Amino acid sequence: MRSFTTRELALNTARIAASYPAFAARSYAPRGAVRAYQLALLQRLVTRAYERVPIYTEKYRAAGVHPRDLRALDDLPRFPAVTKRELLDAGDGALARGLSPSELLVSKSSGSTGVVLDVVHRASDVAIQGLAMNRLLSMYGAYLPWHRLVYVYTSEYPARSLWGLYPMTLVPTLWPVERLAARLRELGPEWLACYPSHLRALADELGPRGARALGLRAISVSSEQSSQAERGALARAFGCGVYDEYSTEELTRVAAQCPRGTYHLFEDVTLVEIIDPESGAPVPAGTRGEVVGTYLHNHAMPFIRYRQGDLARLDETPCACGRTSRALGELAGRKLDRFLLPSGRVLTSGWLLDATYSFLFDVGADLRAFTLTQETRARIVIRVVPGRRFGPRTASEIERRFRELAGEPLDVVVELVDKLPRAAGGKLSPVVSWVV
Ligand SMILES: [Zn+2]
């Protein structure tokens with residue numbers, strides 16, 4: 001992603017400053033006020049998309065709906081959803097007409113499917129992302145202007161700071177862990193954002209004393225699955241909270257864990273619906289289904305009722321932290337990343353991660369990292385980077401324990417490797433199924 005021009009940075013900073021008080025208050029605002037705000041943004045987005053973005057003009061005409069039919073949030077399911085495939089096929093038809101290439105920021109969405117979509121934003125109109133970043137870190141303590149954030153990511157944000165305040169430093173995902181550790185010791189950041197796999201490697205590299213000596217205030221992990229038990233263990237290692245965040249390149253920041261562990265939606269950033277993956281109909285709160293998101297702020301390349309492909313349920317139970325935003329529960333990652341067993345039983349990626357993590361404790365296996373790959377319905381390969389105390393019988397114990405947990409005959413193989421393969425963009429998927 002390119003950097004902001006001075007003008008773009010000035011425009012975004014001015015918007016951040018102007019919107020900050022209302023944005024900060026909205027996490028605690030009454031539901032009715034938030035819904036009214038969502039509706040206003042949504043009506044503007046749908047109207048502009050219908051007028052200027054060919055794929056939406058065509059889709060809405062074909063479905064016989066018009067932006068004026070959107071009188072309440074409950075009208076939204078009448079508008080057709082859109083998939084990544086459709087946006088890829090639409091090419092420039094997924095973009096608003098009349099954009100000049102020089103005003104755009106382009107990022108890439110890959111995901112576990114390996115299909116890459118260019119995600120386009122107007123560079124002068126991304127203040128919301130600065131606000132959302134501020135909200136994320138402020139959940140875990142006071143985020144002060146001189147605090148430094150180090151983020152491990154595929155590409156640099158368009159700004160390294162806001163005029164010297166809120167400095168942010170990129171460490172590329174593909175750097176070796178020793179180099180990441182050295183950079184963290186050198187910079188001494190208050191905040192760290194990275195993938196869980198990097199944090200595991202970092203904890204291993206630094207050891208408990210070295211991890212605590214970094215003096216981090218909190219760590220935000222995202223992009224890959226991690227379990228609560230594992231984040232708890234990492235939090236103890238680093239001596240600070242480790243919280244999961246759910247974000248995507250297309251929808252930006254969707255939800256993040258509060259200090260109580262609840263995945264609060266960023267309702268004023270992205271509007272989330274949960275639908276039945278087969279029928280496309282909305283499912284009631286508490287029922288698991290597919291995440292469909294509308295990013296309320298991108299008019300250059302709108303994502304309206306975008307089928308993200310992840311599974312979750314909406315949770316409307318009030319959270320003890322006092323935030324009024326709804327929450328996501330049972331966030332289970334990509335649809336593919338679950339195992340459909342020969343009996344028809346489904347092991348979700350969340351279950352698999354929690355189970356694997358706990359059985360590693362049961363077995364006492366010393367592992368640096370692992371991945372689970374379902375190669376066929378009945379064959380599971382567990383790739384393991386063994387630690388120093390990995391015993392000669394540990395592999396067969398892991399195989400036996402996994403079969404026992406799955407509760408049905410499976411061909412389980414443990415392979416010892418030096419290094420786990422990363423997908424494009426440096427992501428490491430701990431749970432992958434090749435069974436379609
Ligand atoms: Zn909460």
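**Figure 1. Pairing of strands E5 and E6 around alanine 193.** Alanine 193 stands opposite serine 220 in E6. Four bridges join E5 to strand E6 (residues 218-221), and the two strands run parallel. Here two strands count as paired if DSSP finds at least two bridges between them; helices (H or I, at least four residues) and strands (E, at least two) are DSSP runs, numbered from the N terminus. The model is predicted: local features need pLDDT of at least 70 and side-chain atom pairs count only at pLDDT 80 or more, whereas totals for chains, interfaces and linings use all residues. Residues are numbered from 1 along each chain as its sequence is written.

**Figure 2. Strand E3 and its parallel partners E4 and E5.** Strand E3 (residues 149-153) is joined by five bridges to strand E4 (residues 168-172), in parallel. Tyrosine 153 of this pairing stands opposite proline 172 in E4. E3 also pairs with strand E5 (residues 191-194) in the parallel sense, over three bridges. In that pairing, tyrosine 151 stands opposite alanine 193 in E5.

**Figure 3. The eleven-stranded open sheet.** The strands follow the order E4-E3-E5-E6-E7-E8-E9-E13-E12-E11-E10, and the pairing is mixed. E4 and E10 are the edge strands, each pairing on one side only. Neighbouring strands of this sheet are turned by 40 degrees against each other on average, direction ignored. Axes are lines fitted to C-alpha atoms, for helices over the stretch in contact, and angles run from 0 to 180 degrees between N-to-C directions.

**Figure 4. Strand E11 between E10 and E12.** Strand E11 (residues 289-295) is mostly covered, with seven of its seven residues buried. A residue is buried if 20 or more other C-beta atoms lie within 10 Å of its own, exposed if 12 or fewer, and partly exposed in between, the C-beta atoms being placed from the backbone. Strand E10 (residues 270-275) pairs with E11 in the antiparallel sense over six bridges, and glutamate 273 stands opposite valine 292 in E11. The pairing of E11 with strand E12 (residues 306-315) is also antiparallel, over four bridges; in this case glycine 293 stands opposite tyrosine 306 in E12.

**Figure 5. Helices H5 and H8 on the strands.** Helix H5 lies across E3, E5, E6, strand E7 (241-248) and strand E8 (252-257), running at about 10 degrees to E8. Helix H8 (residues 228-238) lies across E6 and E7, and runs at about 130 degrees to E7.

**Figure 6. The nonpolar cores.** A nonpolar core is a set of buried Ala, Val, Leu, Ile, Met, Phe, Trp, Tyr and Cys residues joined through C-beta atoms within 7 Å. The largest has 91 residues, and those with the most contacts inside it are Ile219, Phe238, Ile304 and Leu328. Helix H5 (residues 127-138) gives the most to this core, namely seven residues. Apart from neighbours within four places in sequence, isoleucine 304 is in contact with Leu45, Val46, Ala49, Tyr56, Phe79, Val82 and Thr294; two residues are in contact if their C-beta atoms, placed from the backbone, lie within 7 Å. A second, separate core of 13 residues includes Phe339, Ala365, Phe402 and Val412.

Figure 7. Strand E17 (residues 379-386) runs parallel to E18 and is joined to E18 by six bridges; arginine 379 stands opposite aspartate 411 in E18.

Figure 8. The protein chain contains ten helices and 19 strands, and 40% of its 436 residues count as buried. Among contacts between residues at least 6 apart in sequence, 61% join residues at least 24 apart.
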